[in-house]
Amino acid sequence: MIRWLALAIFVAGVPMATCAQASTPVGERHGAAHTPGAAARDNAHRDVVRYTVWYPAAAGSKETPITVGPPDAPLFNIGSAAADAAIALGRFPTLLLSHGNGGSARMMGWFGIAMARAGYVVIAVDHPGNNGMDPMTVAGGTLIWERAEDLKAALKAVLDDGDLAPHVDTARLGATGFSAGGFAALAALGAQVDINHFIAFCRAHPDDSTCKPQKESPGITFEDHLKAASTPELAPFMRQAKDNHAVPGVRAIFVMAPGIIEAFDPEGLKNVQQPVSILLGKADDVAQPATNGELAAKLLPHASIHELDKVGHYDFLATCTQAGREQLGPLCKHAVAQDKTHAAAIKQASDFFAANLR
């Protein structure tokens, strides 16, 4: 999510006079996990990873709409959920969800809530130092493999929650993500991170969109990341880049417009044996398909890919309101209606996980 936007808005669940209640209500809860890597990335050096859980709620749970932006003029519609509702009876397949650079768990709520309504527990995180509610940091965009550690920590926290844990089926565990969140999902699957490969790629291709300053953090350059990586504060974490960051038990992943694929060892991607489903927008100029999603599809032995005509990168964010379209410029300009793109993503993910998390 673009940083100047993130500083100007807040996330809130806003009750409205009427709300169309779906047949399967969805609950939403929030919590906090802890990792050493969080303190290294967070602007205030907190070791906290905030997480949001969406899940099938008990019958009769009352949902309220969730929006991003001022209550009187929201910029994005997220969906609706019942705050802290009791979870429905049963054990549910579970998905770990990672947002894009400068985004948030709630910004991906359109997807998480839909999957919860389809019968999944969805655990989404706000990545420290790289989310839309806190100051962006250089470390937050440098220690990218720590995103998988965030997902691991959030899953552990949910499994320590006496109310939710009995309903989480870790034998049916998947991961999913958008943009840099797609990178996180692949790392959580066990793909081998190789930062030196990414550095070499960016030195050879400095104009690739992944190597240039990102819109969410325009003042942070590739060289800034290299300098941060050599500092005493980050050096211990840099040595862990090539460690195995897999979240035990992840069986399959679905990724939308994945980014930073050149930060994986190509041979390591070839060794990934789990199924991967990839969804791209052909008009994506942020995580260009040729060096990201299409490259992953070529290297991963069990990957399937689908590309959507005229769809760009930010089409996979939450649905823009009229106020969002008026105020946010390119972020809310889409050649294809976002609802159509979202529906395609939800269907592809639902079909894929239904087949691979049996």
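Figure 1. At 10% relative accessibility, Phe-352 counts as buried, where buried means under 20% relative accessible area, exposed over 50% and partly exposed in between, with a 1.4 Å probe and protein chains only. The model is predicted: local features need pLDDT of at least 70, side-chain atom pairs count only at pLDDT 80 or more, and totals for chains, interfaces and linings use all residues. Residues are numbered from 1 along each chain as its sequence is written, and side-chain values use heavy atoms, with hydrogens and water left out. Phe-352 lies in helix H13; helices (H or I, at least four residues) and strands (E, at least two) are DSSP runs, numbered from the N terminus. Not counting residues up to four places away in sequence, Phe-352 touches Ala-252, Ile-253, Phe-254, Pro-275, Val-276 and Ser-277, contact meaning heavy atoms within 4.5 Å. Between the C-alpha atoms of Phe-352 and Pro-275, which are 77 residues apart along the chain, the separation is 9.0 Å.

**Figure 2. Gln-338 in helix H13.** Helix H13 covers residues 338-356, and Gln-338 is found in it. Gln-338 is buried, with a relative accessible area of 7%. Its side chain makes a polar contact with the side chain of His-334 at 3.4 Å. A polar contact is a pair of N or O atoms within 3.5 Å; within protein, one must be able to donate a hydrogen and the other to accept it, and residues adjacent in sequence count only if both atoms are side-chain atoms. Residues up to four places away in sequence not being counted, Gln-338 touches Tyr-314, Asp-315, Leu-317, Ala-318, Thr-319 and Cys-320.

**Figure 3. Nonpolar cores.** A nonpolar core is a set of buried Ala, Val, Leu, Ile, Met, Phe, Trp, Tyr and Cys residues joined through side-chain atoms within 4.5 Å. The largest has 74 residues, and those with the most contacts inside it are Leu-96, Ile-195, Ile-253 and Phe-264. Helix H6 gives the most to this core, with eight residues. A second, separate core of 45 residues includes Ala-81, Ala-116, Leu-317 and Cys-320. Among the contacts of Leu-96, leaving aside neighbours within four places in sequence, are Ile-123, Leu-151, Leu-155, Val-247 and Val-250.

**Figure 4. Asp-194 in the loop between helices H6 and H7.** The loop that holds Asp-194 lies between helix H6 (180-189) and H7. Asp-194 counts as buried at 13% relative accessibility. The side chain of Asp-194 reaches the backbone nitrogen of Asn-196 at 3.2 Å. Apart from neighbours within four places in sequence, Asp-194 is in contact with Lys-242, Glu-262, Ala-263, Phe-264 and Asp-265.

Figure 5. In helix H8 (residues 222-229), Phe-222, Leu-226, Ala-228 and Ala-229 are buried. Seen down the axis of H8, these buried residues fall within an arc of 165°, so they line one face of the helix; the arc is that of the directions from the helix axis to the C-beta atoms. The buried residues of H8 pack against helix H4 (138-142), helix H7 (195-204) and helix H9 (235-238). On a 1 Å grid over the protein atoms alone, a cavity is a set of points where a 1.4 Å probe fits but cannot get out, and lining residues have an atom within 4 Å of a point. Of the 40 residues that line the largest cavity, the closest to its centre are Gly-141, Thr-210, Gln-214, His-225 and Ile-260. The elements that give two or more residues to this lining are H4, H7 and H8.

Figure 6. Helix H3 (residues 109-117) is mostly covered, with seven of its nine residues buried. The buried residues are Gly-109, Trp-110, Phe-111, Gly-112, Ile-113, Met-115 and Ala-116.

**Figure 7. Two loop residues with positive phi.** Asp-84, although not a glycine, has a positive phi of about 55°. This residue lies in the loop between strand S5 (76-83) and strand S6 (92-98), and Asp-84 counts as exposed at 57% relative accessibility. Ser-179, also a residue other than glycine, has a positive phi near 60°. Ser-179 is placed in the loop between strand S8 (168-178) and H6, and at 9% relative accessibility Ser-179 counts as buried.

Definitions and conventions
On a 1 Å grid over the protein atoms alone, a cavity is a set of points where a 1.4 Å probe fits but cannot get out, and a pocket is an open set with protein on both sides within 12 Å along at least five of seven lines; lining residues have an atom within 4 Å of a point.
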